[in-house]
Every structure is written in C-alpha cells, then in structure tokens.
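Please open the model in a viewer and keep the selection panel at hand.

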Amino acid sequence: MESGLKEIIEDFMGSALAQWIQLFENMVENESSIQLYNQYMEVNSGSQSALDRYKRLTNGVFLNEVMRIIDPNPKVERLYNSERDDHMLRVQNFSILSRHLRAFYQVGEGPLGAG
C-alpha cells in the first residue's frame, strides 16, 4: 500500500470522530455477544492494525450496530460482513445505515425531530 495512504488512514483513525465511534465497541459487543472490534482500543497500534481497524469500520457493520444501539427500533435488515472486502456488500450496509438514519430523524425521535 502507498505510504501516503497509510498515513492518511492512520491520521483518520486517530481523529476525534474515529476515536468517538470506537467508544461504542463494548456496547456493540454486549448487544451482539460477539467481539468484532477487539483491536480498536489498542495503544500504539501499527500501520497494519490501523488499516485493519479502518477496513472494519468502513464495512458498515459496526456503524449499523452503533445506530441500532442509538435507535433499537429500526426495520431489521440483514447486515453483510465479508472477509473479502466486497465493495457491493459495503454499499448495501451503508444503504441500510442511510435508511435507518433517515427514518430516525423523520419519525421525530432524533435530537432535531419534533420530539
């Protein structure tokens, strides 16, 4: 992998947003009873570990699980976890996340909704 791309991924995984979403790791583990992201809280992880964590974060499964903690009443849709880094499955997972976010805010349950 190109060293510039590694540096960008490492910087992103160290950002406030990436660190914040990783705080949900234990909640996701408790909800699913499966330890999916055990490397998120490692200190001084190397480039490869940052890349692995980035790939797990961007496959859409973890973000969907976090959203299900925030709003446990979504239309239940199957999430697709692929070891092959299948781009179509990632797109499907993010489409599910997008629908869930839209429904959350349109129903009025979200912080910006009518309440």
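Begin with the charged side chains of this predicted model: the count of salt bridges comes to 2.

For one of them, select Glu 77 and Arg 99, whose closest N and O atoms are 2.6 Å apart. This pair links distant parts of the chain, with Glu 77 in the loop between helix 5 and helix 6 and Arg 99 in helix 6, 22 residues apart. Glu 77 is buried, at a relative accessible area of 16%, whereas Arg 99 is partly exposed at 37%.

Next, select Arg 68 and Glu 65, where a salt bridge joins the side chains at 3.9 Å, N to O. About one helical turn separates Arg 68 from Glu 65, because they are 3 residues apart in helix 5. Arg 68 is partly exposed, with a relative accessible area of 22%; Glu 65, at 17%, counts as buried, because the limit for that class is under 20%.

Remain in helix 5, which spans residues 61-70, and select Asn 64. Its relative accessible area is 0%, so Asn 64 is buried. Display its surroundings: Asn 64 touches Leu 79, Asn 93, Ile 96 and Leu 97, leaving aside residues up to four places away in sequence. A polar atom of the Asn 64 side chain lies 2.9 Å from the backbone oxygen of Asn 93.

Finally, turn to the second largest pocket, with a volume of about 200 Å³. To find its centre, select Trp 20, Val 66, Met 67, Ile 70 and Leu 101, the closest to that point of the 11 lining residues. Helix 2 (16-22), helix 5 and helix 6 (87-106) each supply at least two residues of this lining. Colouring by class gives 11 nonpolar residues, no polar and no charged ones.

Definitions and conventions: Residues numbered from 1 in each chain as written. Predicted model: local features only at pLDDT ≥ 70, side-chain atom pairs only at ≥ 80, totals over all residues. Heavy atoms only, no water. Helix = DSSP H or I, 4+ residues; strand = E, 2+ residues; numbered from the N terminus. Buried < 20%, exposed > 50% of the residue type's maximum accessible area, 1.4 Å probe, protein only. Polar contact = N/O pair within 3.5 Å; in protein donor to acceptor, adjacent residues only side chain to side chain. Contact = heavy atoms within 4.5 Å. 1 Å grid on protein atoms, 1.4 Å probe; cavity = no way out; pocket = protein on both sides within 12 Å on 5 of 7 lines; lining within 4 Å. Points joined across faces, edges and corners; volume = space filled by probe spheres on them. Nonpolar A, V, L, I, M, F, W, Y, C, P; charged D, E, K, R; others polar. Salt bridge = Lys/Arg side-chain N within 4 Å of Asp/Glu carboxyl O.
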